[in-house]
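Have the sequence and the 3D view ready.

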Amino acid sequence: MRYLDFEKPLEEIESRLEELEAYAKASEIDCQAEIDLLRQRLEAKLDEIFSKLEPWQNIQLARHPDRPYFCDYRPQLFTDWQELHGDRKFADDRAIVTGLAKLNGTSVAICAHQKGRNTEENLRRNFGMPHPEGFRKAERIMQMAGDMGLPIITFIDSAGAYPGLGAEERGQHEAIARNLMVMSQLPVPIICIVTGEGGSGGALAIGVGNRVLMLEYSYYAVCTPEACAAIILRDRTKASAIAGSMRIIAPELMQLGVIDRIIPEARGGAHRDPALTAQNVKTALVQELDELMKLSEEEVIEHRYQRFRQMGVFEMAQV
């Protein structure tokens with residue numbers, strides 16, 4: 001396991017615990033009392049660290065290199081998976097994965113960001129930052145789901161849409177805007193879940209849902225803290241200082257009404273127990289989908305409209 005700076009106290013305890021368990025197994029000496037004591041120390045340190053996380057530490061967890069991505073969750077959430085490729089116009093962008101599957105027996109359409117685990121895979125996945133053809137692939141699948149009456153589930157985990165010249169030349173802004181329009185009008189339930197980074201238009205392009213959920217240590221923002229620091233403070237190295245004022249972590253977004261539900265992760269982050277976190281995600285998705293499936297097509301569209309219409313606070317001007 002790779003440890004973040006604030007997790008270093010855990011590394012020492014867990015290393016010692018692994019050594020002691022290995023020694024006890026190899027030597028057949030009873031070290032259970034010492035092992036239990038170390039486990040108690042580990043539990044206490046986990047409580048101490050993760051009960052008072054700073055916003056910047058939360059964001060670091062959302063970006064943890066061992067954090068599960070969609071392709072890690074997929075086998076534990078869905079059956080009968082069939083991936084679909086290409087936007088039928090330019091290319092197949094592997095920063096977005098799309099396909100059809102079954103959730104607890106219900107057929108659904110899936111659109112998800114996907115990052116890589118190493119340099120080679122990250123280059124193939126473009127570090128989870130979609131090109132316009134990725135968004136157009138998602139639009140194609142969502143349009144198909146609307147025609148077939150299939151609910152849509154999206155998994156958001158991207159620092160943002162790819163900002164390169166080629167992406168701009170191929171209409172990055174138009175692709176994102178079109179997805180917003182299409183998702184707002186589809187007559188099927190849409191559930192969006194932020195599993196890691198929810199960055200900028202890259203997140204919004206697959207984020208217009210009847211319900212928007214977030215994993216406990218994910219974040220959802222108009223831009224990354226680094227970009228915000230560069231714009232406001234003229235110094236992107238001050239991202240940690242500005243992160244707290246952005247109000248982009250799950251509890252704050254829940255208070256603001258931007259999201260509808262926080263899904264608990266394993267203590268210490270999803271990477272510490274991906275199976276437990278996946279089970280929590282599945283439970284939430286099944287519950288939310290069961291509720292939304294009771295709505296008619298007209299009610300689904302109106303429900304989505306009202307959800308976004310009620311965001312924010314405003315006052316009517318006196319005439």
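H6 and H8 are roughly parallel to each other (that label covers angles under 35 degrees). In this predicted model, local features need pLDDT of at least 70 and side-chain atom pairs count only at pLDDT 80 or more, while totals for chains, interfaces and linings use all residues. Residues are numbered from 1 along each chain as its sequence is written, and side-chain values use heavy atoms, leaving out hydrogens and water.

Helix H6 spans residues 132-148 and helix H8 spans residues 172-185; they pack at an angle of about 20 degrees, with axes 8 Å apart. Their crossing is left-handed, meaning that the near helix is turned anticlockwise from the far one by less than a right angle. Who touches whom? On the H6 side, the contact (heavy atoms within 4.5 Å) includes Phe135 and Met142, and on the H8 side it includes Ile176 and Val182. Sorted by class, the contact of H6 with H8 has eight nonpolar, three polar and four charged residues.

Now for the cysteines. How many disulfides does a search of the whole structure find? The search turns up zero disulfides, where a disulfide is a pair of cysteine sulfur atoms within 2.5 Å.

| Cysteine | Closest cysteine sulfur | Sulfur distance |
|---|---|---|
| Cys192 | Cys111 | 9.5 Å |
| Cys223 | Cys228 | 4.9 Å |

Cys192 is buried (under 20% relative accessible area, with a 1.4 Å probe and protein chains only), at 0%. Cys223 is buried too, with a relative accessible area of 17%.

Conventions:
Buried < 20%, exposed > 50% of the residue type's maximum accessible area, 1.4 Å probe, protein only. Axes fitted to C-alpha atoms, helices over the stretch in contact; angles between N-to-C directions. Helix = DSSP H or I, 4+ residues; strand = E, 2+ residues; numbered from the N terminus. Parallel < 35°, antiparallel > 145°, perpendicular 65-115°, else oblique. Nonpolar A, V, L, I, M, F, W, Y, C, P; charged D, E, K, R; others polar.
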